[in-house]
Amino acid sequence: MMEWQLVIIVLAVLAGLYIANTFMYRPLRRLLSLAVCLVTGTVLITLLNWCLSFFNMHVAFNLFTVLVAGILHLPGLVMLVVLSRWFV
(Lines give C-alpha, C1' and ligand atoms only; values in the text may rest on other atoms or scores of the structure.)
Protein backbone atom coordinates (compact mmCIF):
# COMPACT_ATOMS: atom_id res chain seq x y z
CA MET A 1 0.00 0.00 0.00
CA MET A 2 2.85 2.38 0.80
CA GLU A 3 4.39 1.94 -2.66
CA TRP A 4 1.22 3.10 -4.42
CA GLN A 5 1.02 6.20 -2.25
CA LEU A 6 4.61 7.03 -3.07
CA VAL A 7 3.94 6.57 -6.80
CA ILE A 8 0.87 8.84 -6.57
CA ILE A 9 2.84 11.51 -4.68
CA VAL A 10 5.69 11.41 -7.21
CA LEU A 11 3.23 11.68 -10.11
CA ALA A 12 1.43 14.59 -8.42
CA VAL A 13 4.74 16.41 -7.87
CA LEU A 14 5.75 15.84 -11.50
CA ALA A 15 2.36 17.10 -12.71
CA GLY A 16 2.73 20.18 -10.49
CA LEU A 17 6.20 20.89 -11.86
CA TYR A 18 4.92 20.51 -15.41
CA ILE A 19 2.06 22.94 -14.79
CA ALA A 20 4.36 25.46 -13.07
CA ASN A 21 6.82 25.23 -15.95
CA THR A 22 4.02 25.75 -18.47
CA PHE A 23 2.79 28.91 -16.76
CA MET A 24 6.23 30.38 -16.00
CA TYR A 25 8.11 29.65 -19.23
CA ARG A 26 6.76 32.46 -21.43
CA PRO A 27 6.98 35.26 -18.84
CA LEU A 28 10.52 34.27 -17.89
CA ARG A 29 11.53 34.08 -21.53
CA ARG A 30 10.09 37.55 -22.15
CA LEU A 31 11.87 38.95 -19.09
CA LEU A 32 15.15 37.46 -20.29
CA SER A 33 14.59 38.94 -23.75
CA LEU A 34 13.87 42.34 -22.20
CA ALA A 35 17.04 42.11 -20.11
CA VAL A 36 19.08 41.33 -23.23
CA CYS A 37 17.51 44.34 -24.97
CA LEU A 38 18.39 46.54 -21.98
CA VAL A 39 22.02 45.45 -22.05
CA THR A 40 22.24 45.85 -25.82
CA GLY A 41 20.61 49.28 -25.68
CA THR A 42 22.96 50.42 -22.93
CA VAL A 43 26.01 49.42 -24.95
CA LEU A 44 24.64 51.01 -28.14
CA ILE A 45 23.71 54.31 -26.43
CA THR A 46 27.12 54.45 -24.76
CA LEU A 47 28.91 53.91 -28.08
CA LEU A 48 26.61 56.41 -29.80
CA ASN A 49 27.25 59.06 -27.17
CA TRP A 50 30.98 58.44 -27.47
CA CYS A 51 30.81 58.94 -31.24
CA LEU A 52 28.55 61.99 -30.93
CA SER A 53 30.88 63.61 -28.41
CA PHE A 54 33.18 64.48 -31.32
CA PHE A 55 30.33 66.60 -32.75
CA ASN A 56 29.45 68.09 -29.35
CA MET A 57 26.11 66.21 -29.22
CA HIS A 58 24.56 63.57 -27.00
CA VAL A 59 21.47 61.39 -26.69
CA ALA A 60 19.65 61.21 -23.38
CA PHE A 61 20.31 58.07 -21.38
CA ASN A 62 17.08 56.79 -19.81
CA LEU A 63 14.93 53.66 -19.83
CA PHE A 64 12.95 54.70 -22.91
CA THR A 65 15.98 55.48 -25.07
CA VAL A 66 17.77 52.34 -23.92
CA LEU A 67 14.76 50.19 -24.83
CA VAL A 68 14.38 51.90 -28.22
CA ALA A 69 18.05 51.33 -28.99
CA GLY A 70 17.95 47.77 -27.67
CA ILE A 71 14.85 46.71 -29.57
CA LEU A 72 15.29 48.63 -32.85
CA HIS A 73 19.13 48.67 -32.99
CA LEU A 74 20.48 50.90 -35.81
CA PRO A 75 17.13 52.39 -36.95
CA GLY A 76 16.37 53.19 -33.33
CA LEU A 77 19.72 54.94 -32.90
CA VAL A 78 19.15 57.00 -36.04
CA MET A 79 15.68 57.92 -34.80
CA LEU A 80 17.05 58.96 -31.41
CA VAL A 81 19.71 61.17 -33.02
CA VAL A 82 17.14 62.80 -35.31
CA LEU A 83 14.73 63.38 -32.44
CA SER A 84 17.43 64.75 -30.19
CA ARG A 85 18.50 67.22 -32.92
CA TRP A 86 14.89 68.13 -33.68
CA PHE A 87 13.73 68.80 -30.12
CA VAL A 88 16.92 70.16 -28.54
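The legends below describe close-up views of a predicted model.

**View 1. Segments listed as transmembrane region in UniProt.** An unreviewed UniProt entry lists residues 6-24, 31-55 and 61-83 under "transmembrane region". In the model, residues 6-24 are 100% helix and 0% strand.

**View 2. Crossing of helices H1 and H2.** Helix H1 spans residues 2-52, and helix H2 spans residues 63-72. Two packed helices are described by the angle between their axes and the distance between the axes. Here the axes of H1 and H2 come within 7 Å and cross at roughly 100°. An angle of 65 to 115 degrees counts as roughly perpendicular, and H1 and H2 are therefore roughly perpendicular to each other.

**View 3. Residues at the contact of H1 with H2.** On the H1 side, the contact is made by Leu34, Cys37, Leu38, Thr40, Gly41, Thr42, Leu44 and Ile45. On the H2 side, the residues are Leu63, Thr65, Val66, Leu67, Ala69, Gly70 and Ile71. The residues of this contact divide into 10 nonpolar and five polar, with no charged residue.

View 4. Thr65 is found in helix H2. Thr65 counts as buried because its relative accessibility is 7%, and the cut-off for buried is under 20%. A polar atom of the Thr65 side chain lies 2.9 Å from the backbone oxygen of Ala60. Apart from neighbours within four places in sequence, Thr65 is in contact with Ile45, Ala60 and Leu80. Of these contacts, Ile45 is in H1 and is listed among the residues that meet H2.

**View 5. Asn56 in the loop between H1 and H2.** Asn56 is found in the loop that joins H1 and H2. Most residues other than glycine have a negative phi. Asn56 has a positive phi, near 60°, and is not a glycine. With a relative accessible area of 74%, Asn56 is exposed.

**View 6. His73 in the loop between H2 and H3.** His73 is found in the loop between H2 and helix H3, the latter covering 74-87. The phi of His73 is positive, at about 60°, although this residue is not a glycine. His73 has a relative accessible area of 40% and is partly exposed.

Technical notes
Residues numbered from 1 in each chain as written. Predicted model: local features only at pLDDT ≥ 70, side-chain atom pairs only at ≥ 80, totals over all residues. Heavy atoms only, no water. UniProt positions renumbered as here; feature names shortened; annotations may be inferred. Helix = DSSP H or I, 4+ residues; strand = E, 2+ residues; numbered from the N terminus. Buried < 20%, exposed > 50% of the residue type's maximum accessible area, 1.4 Å probe, protein only. Polar contact = N/O pair within 3.5 Å; in protein donor to acceptor, adjacent residues only side chain to side chain. Contact = heavy atoms within 4.5 Å. Axes fitted to C-alpha atoms, helices over the stretch in contact; angles between N-to-C directions. Parallel < 35°, antiparallel > 145°, perpendicular 65-115°, else oblique. Nonpolar A, V, L, I, M, F, W, Y, C, P; charged D, E, K, R; others polar.
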